[in-house]
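Q: I have a structure open and would like to go through it in pieces. Can we start with one of the helices?

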Amino acid sequence: MLKGYIPPFNATVVQKLLDQGAVLMGKTNLDEFAMGSGSTDTIFGPVRNPWGYSRQYQERCAQNPEDTKDSSDWLITGGSSGGSAASVASLTCFASLGSDTGGSTRNPAAYCGVVGLKPTYGLLSRHGLIPLVNSMDVPGILTRSVHDAATVLGVLGGHDPKDSTTVPEPFKPFSLPDEIDVRNVCVGIPREYHAPGLSKEILAHWTKAAELFEKAGARVVEVSLPHTQHSIVCYHVLCTAEVASNMARFDGLEYGHRSTIDSSTEVMYASTRHEGFNDVVRGRILSGNYFLLKQNYDRYFVKAQKVRRLIANDFMKVFSSGVDVLLTPTTLSDAARYSEFIKEDNRTRSAQEDIFTQCANMAGLPAVTLPIALSERNLPISLQFIGQGFREKNLLTVAKWYEQQVKFPLIEFQDVADHVSEFPKTTKSASAF
């Protein structure tokens, strides 16, 4: 739909980076209009996970030839911001931007072994971000460490007069301490996140993380978010409804693709949108328009908004009880192979992949995922921390402490590892910007 389109202005978050001297290397691949959870439904072709080419994974596959019997198969990155996660995981760049509507930054970050931060709704400007779901969209930050994520957040945060959803209060950049004491921290473990399909490996590391916090003196309590069971259905009703509204602007008149079949205005509209959107986008538009029909509006859309409020209230009750952060899984398992991933359709896969992440978007809360270990297949396993609104410093401080405990290994590429001794040694750390 937007092939060849050149935006006349920079997004606010991009301009803020440029103003601080950041070097913009280019744009990254993603699911079309950010609709997907694998970065496989894109006009430029699917994104491949750099960990599929790592020394760690290749050595493991050599011990289990059955895992690589098809050389044309590869690992997905997750999505929708898969290209952004891959660019950071492959050591191509210091940081990357994505979008997070239901987990589209945190999901690929988890699969690619990097840190993915979804800030509080309203903390970062959405001006210049092509909207998917206006009430949930947030620019996401992907880096290789929690410290780097805090650094980028310090540049991007703050009010933007071009975006009325940003909060007017001034945002003060912060630095994270190196020595962190978690004895006064209360960590909540939501019982509803023990979801069907959660792998034994991730469950084991989730339990181990809770035990680690307890040994360090933190208070770990089980909490309940009772409306979580309804969240994924609620999310998809609201998501498709807003998608139908936002995609209406792509009609072939103002900008983007325009069909050559123009025997009438109605035919031109229909042909343009059929040619410009893939099956996934068209399907969500149709679903959204169905939910917004006069006879369905109260039954689906209004009811979903009410459930969304109940979900947000669940979080408010938990945090008001003294809990500082919630500790949850990010994904059900480590990265799937492409052949396995496409056995399910986009709608089913999105429902499975967003189960742990979309609640934070519906409640407008900050969340960060970070890699904590390698699976039996030598692929990243990640956990997610969800914090209180506009308390990113507290959230990232807890996340950094856990990052220091687990010491997740850096990805190793065969050719790079073979020549690592040739790299010049440095004693000073370089500035990020």
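Q: Where does helix 10 bend?
A: Helix 10 bends at lysine 303, by about 25 degrees. The bend at a residue is the angle between axes fitted to the seven residues ending there and the seven starting there. Helices here are DSSP runs of H or I with at least four residues, strands are runs of E with at least two, and both are numbered from the N terminus.

Q: Is this from an experiment or a prediction, and how are things counted?
A: This is a predicted model, where local features need pLDDT of at least 70 and side-chain atom pairs count only at pLDDT 80 or more, while totals for chains, interfaces and linings use all residues. Residues are numbered from 1 along each chain as its sequence is written, and side-chain values use heavy atoms, with hydrogens and water left out.

Q: OK, how many residues does helix 10 have?
A: Helix 10 has 24 residues, 297–320, and reaches 33 Å from its first C-alpha to its last. That is close to the expected 34 Å, the expected span being 1.5 Å times one less than the number of residues.

Q: Which of its residues are buried?
A: Among them are Phe301, Ala304, Val307, Arg308, Ile311 and Phe315. Buried means under 20% relative accessible area, exposed over 50%, and partly exposed in between, with a 1.4 Å probe and protein chains only.

Q: Why do positions three or four apart matter in a helix?
A: An α-helix has 3.6 residues a turn, so residues three or four places apart point the same way.

Q: What covers the buried residues of helix 10?
A: The cover includes strand 5 (219–223), helix 7 (231–246) and strand 8 (380–386). Contact means heavy atoms within 4.5 Å.

Q: What comes just after helix 10?
A: Glycine 322, which takes a positive phi of about 115 degrees.

Q: Switching to helix 7. Is histidine 236 buried or exposed?
A: Histidine 236 lies in helix 7 and counts as buried, at 5% relative accessibility. Leaving out residues up to four places away in sequence, histidine 236 touches Phe291, Arg347, Ser350, Ala351 and Asp354.

Q: And how many residues are in the largest nonpolar core?
A: The largest nonpolar core has 90 residues, and Phe315 and Phe385 are among those with the most contacts inside it. Such a core is a set of buried Ala, Val, Leu, Ile, Met, Phe, Trp, Tyr and Cys residues joined through side-chain atoms within 4.5 Å.

Q: Last one: how many helices and strands are there in the protein?
A: The protein has 15 helices and eight strands.
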